[in-house]
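Visitor: Could you show me around this structure? I am new to it and would like to learn by asking questions.

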Amino acid sequence: MKTLFKRPESLTDTPTHYCPGCTHGVVHRLVAEVIDELGLRERTVGIAPVGCSVLAFNYFNLDFQQAAHGRAPALATGIKRARPDLIVFTYQGDGDLASIGMAEIIHAANRGEKFTVVFINNAIYGMTGGQMAPTTMPGQVTTTSPRGRDVSDVGYPMRMCELLASLRTPGFIERVAAHTPQQVVKARRALKTAFELQRDNKCFTFVECLSTCPTNWGVTPFEATRWLEEHLAPYYPVQNFKKYEDEKDPKPQTPDPKAGDGNAG
Amino acid sequence: MSKVLMKGNEAIAESAIRAGGLCYFCYPLTPQSEVAEYLSRRMVEVGGAYLQAESEVAVINMVYGAAGAGARAWSTSSSPGFSLMMEGLSYIAAAELPCVVVNIVRAGPGLGGILPSQGDYRQATKGGGHGDYRCLVLAPSSVQEAVDMMPLAFDRADRYRNPVIVIGDGMIGQMMEPVEFKEWTFPPLPPKDWATTGARGRKPNLINSLHLAPSVEEQLNITLAEKYEQMKREEVRFEEYNTDQPYRVLLVAYGTTARIGKTAIAQLREKGISAALLRPITLFPFPEARVLELGRKAEFLLSVEMSMGQLVEDVRCAMGRERPVHFFGRSGGIVPSPEEVVGAVESRLGGGRS
């Protein structure tokens with residue numbers, strides 16, 4: 001009999017603690033499928049963040065390290081620098097990555113660390129109970145923005161793909177979503193590209209996935225999907241921001257200030 | 001091997017490389033930046049990993065990642081940067097990862113000054129970060145001793161799977177002394193079969209410090225406490241000076257101030273006052289039993305520090321009420337002179353001579 005559907009080897013047989021309608025489970029599966037497909041499972045190390053996916057190590061059948069709030073890219077850097085032969089990915093939420101871990105993600109991206117970041121953006125702090133995130137939408141009500149996010153007080157939500165794409169070094173940056181079958185297929189494609197580029201030791205790879213949080217948004221899973229489409233997707237366009245191209249030009253070199261320009265008297 | 005003249009920071013860097021510390025992450029901060037400068041060229045020669053990170057917060061988490069992948073990972077910093085590492089150090093201790101961190105202490109609190117200090121004693125010896133953990137703390141008093149300590153630090157970090165702090169005041173990092181790099185051998189270490197190196201032919205490994213079940217977290221606390229008790233039994237190191245003859249005063253001092261204490265003892269002798277010195281080499285575990293034994297032979301003890309009375313707390317804890325324990329210290333980056341130490345002893349002797 002032909003097997004049409006089975007659990008990827010890179011996932012454990014453990015029920016997740018994720019709420020109904022949350023896209024973490026879908027993205028976990030996509031990451032696991034890609035790792036399986038590329039045959040990377042036995043040399044992959046995942047980094048779990050702090051947040052809803054803090055227990056990701058229970059669900060992936062992979063070596064894992066658990067990081068402090070926002071520090072996952074620093075751990076990944078340490079692992080990659082010590083063992084460049086390993087495949088490393090961080091799995092981070094928007095509070096973890098875009099707030100407390102902003103320095104770590106920007107500098108890892110700018111150094112071109114050759115690991116993969118899976119960034120789950122659901123515009124809210126999930127694990128701590130629905131507080132405002134750097135990605136929370138203008139006017140969005142959360143437990144710490146009870147009158148809605150006031151952009152005159154705390155600014156506009158941060159767009160991480162756009163921010164990182166302004167850097168020259170990072171090689172692959174794409175925003176995807178996982179709330180419809182078509183988007184899931186595209187998300188899988190982006191994740192596969194990211195892990196392939198890492199496998200080939202090419203560049204820093206970043207995949208952001210727009211996600212739903214029915215529990216903390218206070219809506220049904222179906223309404224959450226619609227809210228994502230109507231409010232998140234227009235502000236956070238689902239698209240590729242950077243495709244990897246082998247750099248053909250020689251690396252720029254600035255002369256040593258002490259060397260002079262040859263015209264000095 | 002013949003001796004070479006080296007600055008403390010560079011000698012520490014070279015010794016770490018020879019001890020297999022081939023994964024180094026750093027952030028520039030006076031007075032320890034020479035370690036990074038030295039390793040930025042030297043690490044390339046030996047095929048190790050060197051990276052200047054965006055902050056000490058990132059540094060210590062890079063150390064976590066690399067140590068978790070089985071490398072001998074380490075870093076250096078100075079007081080304000082060392083404070084930034086406390087979060088990561090707590091995680092490293094909790095996840096039972098080995099690492100070595102060198103703190104070349106400068107004056108504080110706050111941004112403080114860049115001159116030598118011993119003001120980070122409490123931070124280093126009592127944990128420093130959050131939660132119930134401790135680090136093995138080694139305190140060299142010369143460049144040679146700092147060089148000798150690096151292989152020991154890496155070995156003990158691996159053996160205990162615990163952070164080891166090498167704490168030197170700014171003098172140790174900045175001064176030049178002749179050093180010799182000796183060959184050190186240690187008993188074989190257990191394999192790092194816990195490291196995250198890819199789950200090939202085995203179950204996945206997990207480096208983690210999250211334990212939501214209280215009973216599991218408490219068991220970790222008990223395991224860690226047992227480790228620290230083992231350190232207290234097996235790792236206490238100290239040096240004695242002049243303790244083989246009768247003395248009225250016992251000085252207790254570590255690092256640079258211990259050297260000043262020895263000079264002060266010679267000056268006291270000329271004045272007819274006998275004194276001895278106990279120099280803790282491990283600040284944790286603290287040589288409390290030996291402090292008590294030697295302290296009982298003195299009329300009183302004097303803790304000499306480049307801080308405002310931190311070491312003295314451990315000395316008093318060791319002595320109980322058996323003998324008076326006094327304190328003399330300078331701070332702010334000021335190094336006490338032997339004459340000042342002599343004066344502090346004389347004022348407490350109340351004019352009596354032996």
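**A tour in questions**

Visitor: In strand 3 of chain B, which residue is the bridge partner of B:Tyr24?
Guide: Welcome! This is a predicted model, where local features need pLDDT of at least 70 and side-chain atom pairs count only at pLDDT 80 or more, while totals for chains, interfaces and linings use all residues. Residues are numbered from 1 along each chain as its sequence is written, and chains are lettered from A and ligands numbered from 1 in the order in which they are written. Strands (E, at least two residues) and helices (H or I, at least four) are DSSP runs, numbered from the N terminus. In strand 3 of chain B, B:Tyr24 has as its bridge partner B:Tyr50.

Visitor: How many bridges join strand 2 of chain B to strand 3 of chain B?
Guide: Two strands pair if DSSP finds at least two bridges between them. Strand 2 (residues 23-26) and strand 3 of chain B run parallel, and the number of bridges joining them is four.

Visitor: Which residues form the covered face of strand 3 of chain B?
Guide: In a regular strand the side chains alternate between the two faces of the sheet. Strand 3 (residues 49-52) of chain B has B:Tyr50 and B:Gln52 on its uncovered face, and its covered face holds B:Ala49 and B:Leu51.

Visitor: Is B:Met150 buried or exposed?
Guide: B:Met150 sits in helix 7 (residues 143-160) of chain B. A residue is buried if 20 or more other C-beta atoms lie within 10 Å of its own, exposed if 12 or fewer, and partly exposed in between, with C-beta atoms placed from the backbone. Because B:Met150 has 29 C-beta neighbours inside 10 Å, it counts as buried.

Visitor: Which residues does B:Met150 touch, not counting residues up to four places away in sequence?
Guide: Two residues are in contact if their C-beta atoms, placed from the backbone, lie within 7 Å. Helix 1 (residues 8-18) of chain B is mostly covered, with ten of its eleven residues buried, including B:Ile12, B:Ser15 and B:Ala16. With that exclusion, B:Met150 touches B:Ile12, B:Ser15, B:Ala16 and B:Ala19.

Visitor: Which helix of chain A gives the most to the side that touches chain B?
Guide: Here 28 residues of chain A are in contact with 32 residues of chain B. Strand 1 (44-48), strand 2 (63-66), helix 3 (72-82) and helix 5 (102-111) of chain A each give two or more residues to chain A's side. The most, eight residues, comes from helix 3 of chain A.

Visitor: Which residue stands opposite A:Phe64 in strand 9 of chain B?
Guide: Strand 2 of chain A and strand 9 (residues 206-207) of chain B run parallel, joined by two bridges. Opposite A:Phe64 stands B:Leu206.

Visitor: How far apart are the centres of domain 1 and domain 2 of chain B?
Guide: Domain bounds come from an automatic or database domain assignment. In chain B, this gives domain 1 (4-189 + 209-234) and domain 2 (238-349). Taken over C-alpha atoms, their centres are separated by 26 Å.
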